[in-house]
Amino acid sequence: MTFATLGLIEPLLRALETLGYQTPTPVQAQAIPAVLAGRDLMAAAQTGTGKTAGFALPLLQLLTMEGPKVAANSARALILCPTRELAEQVHASVAEYAQHLPLTTYAVYGGVSINPQMMKLRKGVDILVATPGRLIDLFRQNALKLNQLQTLVLDEADRMLDLGFSEELANIYRMLPKKRQTLLFSATFSDDIRLLAGQMLNDPLSIEVSPRNVAANTVQQWVVPVDKKRKPELFVHLMRKGRWKQVLVFAKTRNGVDALVDKLQGLGINADGIHGDKPQATRQRALDRFKASEVQILVATDVAARGLDIEDLPLVVNFDLPIVAEDYIHRIGRTGRAGNPGEAISLVCADEVNMLSAIEMLTRQTLTRKMEPDFVPEHRVPDTDASGQVVKKPKKPKKPKTSGGGGKRNLGKWVDSGDVAPVEPSIKPVRKVPVFNTGPRKKK
Ligand code: AMP
């Protein structure tokens, strides 16, 4: 199959040739004809599967072939993304695909001045890529009207809900024309996403190019058990031992990012960090330098790193496991992209056992553990498996104080080693229920 057989027009084929895309990926093969036929779409695709081109190529074609010229302060297509970085990245891809078309594209997001964005929107843009908060600001300030909108794309919709954008999405939904095409893309599909899809989409075609909630199979994954306080030391040890060249590291909190970056820089290691507290320009610079291999180790929180496409990234390290199990799939999806091999290593301490269990249950696999001889934890990480069970080793029973007593045995506190009660994972993915079918909500 070729892009030509999918019915794409010549200017798009020319752009793809320049980019070296020869064969459509599975999500592209399914999405392109469906979008060209005007269908709504609900697509589950792993990160790195080429989903951006899957919606952008047919969208560009429809905008070129159909519909009126864009009016002032208007957009004909809107692509909503959860983060600024993803908005920039999606916009860059769309602009590349559109290079031979007479269409205008633009990206708007928060964290930067709104005035240049308002100026740019005056003439209208054919495709607007936006994060939800800034889009609403622009709409409320009358810098943007949406009555000309033909197509809405929700990219990484699950992430938008995880980040608490359900209220913003409900507001945007009320701003949209009823008659439109809607395409929903999500790496993972939770029940909330299905609910959202039920309200936003009209008779959607469902596309699922990979099994639900399965990590990319080109990524080799393993876990190194370690005591919490020794994680930085283990990280440096593994880095030197494995001669790591370019690593994206995930830490749970902003403070965690800063502390690890300080530690690494203190050792003379070329590291930088990105998280939501840093200004957009600083984040972008750190990312650009990492992509250009000028920074060796980039430490990030989930919010900052979502959706980033870094060519040939060989290794992702989870310095901390994510609280939301689905984030594990997104994190490790930064490597092993477009069929390349990749590695994902997680440093796991005893406190994180429930998160590990939730990840194994979600990805339906038991992650291989590799002990590092000098770092065997004092606080053992209990055994886990894909069934979601955390097997706590029974404590050694205390000897009865009185000889021949044994009365306490009958209280049921003694446990045979072969009869251990499973412990339910207490960490569940944080879900924000979309507000589409509920009454008015209190402001956060
Ligand atoms: P995405 O999942 O949209 O983030 O795309 C992942 C990577 O795959 C990006 O670097 C794209 O440029 C690349 N890509 C997308 N489609 C194709 C294709 N058909 N052939 C080769 N590379 C592709």
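Predicted model: local features only at pLDDT ≥ 70, side-chain atom pairs only at ≥ 80, totals over all residues.
Q: What joins β3 to β4?
A: These two strands run parallel and are linked by 4 bridges. One of the residues involved is Ala107, whose bridge partner in β4 is Val129.

Q: Why are β3 and β7 said to stand at the edges of the sheet?
A: The sheet is open and has 7 strands, in the order β3-β4-β2-β5-β6-β1-β7, with parallel pairing. β3 (105–108) and β7 (205–208) each have a single partner strand, so one side of each lacks a neighbour in the sheet. From one strand to the next, the twist averages 15°.

Q: Why is β4 described as largely enclosed by the rest of the structure?
A: A residue is called buried when its relative accessible area is under 20%. In β4, 6 of the 6 residues are buried, so the strand is largely enclosed.

Q: What makes α3 a mostly covered helix?
A: By the cut-off of under 20% relative accessible area, 13 of the 15 residues of α3 are buried. The helix packs on the sheet, where α3 touches β2, β4 (125–130), β5 and β6. The direction of α3 makes about 175° with that of β2.

Q: How does the reach of α3 compare with the span expected of the helix?
A: α3 (residues 51–65) has 15 residues and extends 22 Å from its first C-alpha to its last, close to the 21 Å expected at 1.5 Å a residue. Just after α3, Gly67 adopts a positive phi of about 90°.

Q: Which strands does helix α2 lie across?
A: α2 (residues 26–36) lies across β1 (41–44), β6 (181–186) and β7. Relative to β6, α2 runs at about 165°.

Q: Which elements make up the right-handed β-α-β unit?
A: The unit consists of β3, helix α5 (residues 115–121) and β4.

Technical notes. Residues numbered from 1 in each chain as written. Heavy atoms only, no water. Expected span 1.5 Å × (residues − 1). Buried < 20%, exposed > 50% of the residue type's maximum accessible area, 1.4 Å probe, protein only. Pairing = 2+ DSSP bridges. Axes fitted to C-alpha atoms, helices over the stretch in contact; angles between N-to-C directions. Contact = heavy atoms within 4.5 Å. Right-handed = clockwise from strand over helix to strand, strands pointing away.
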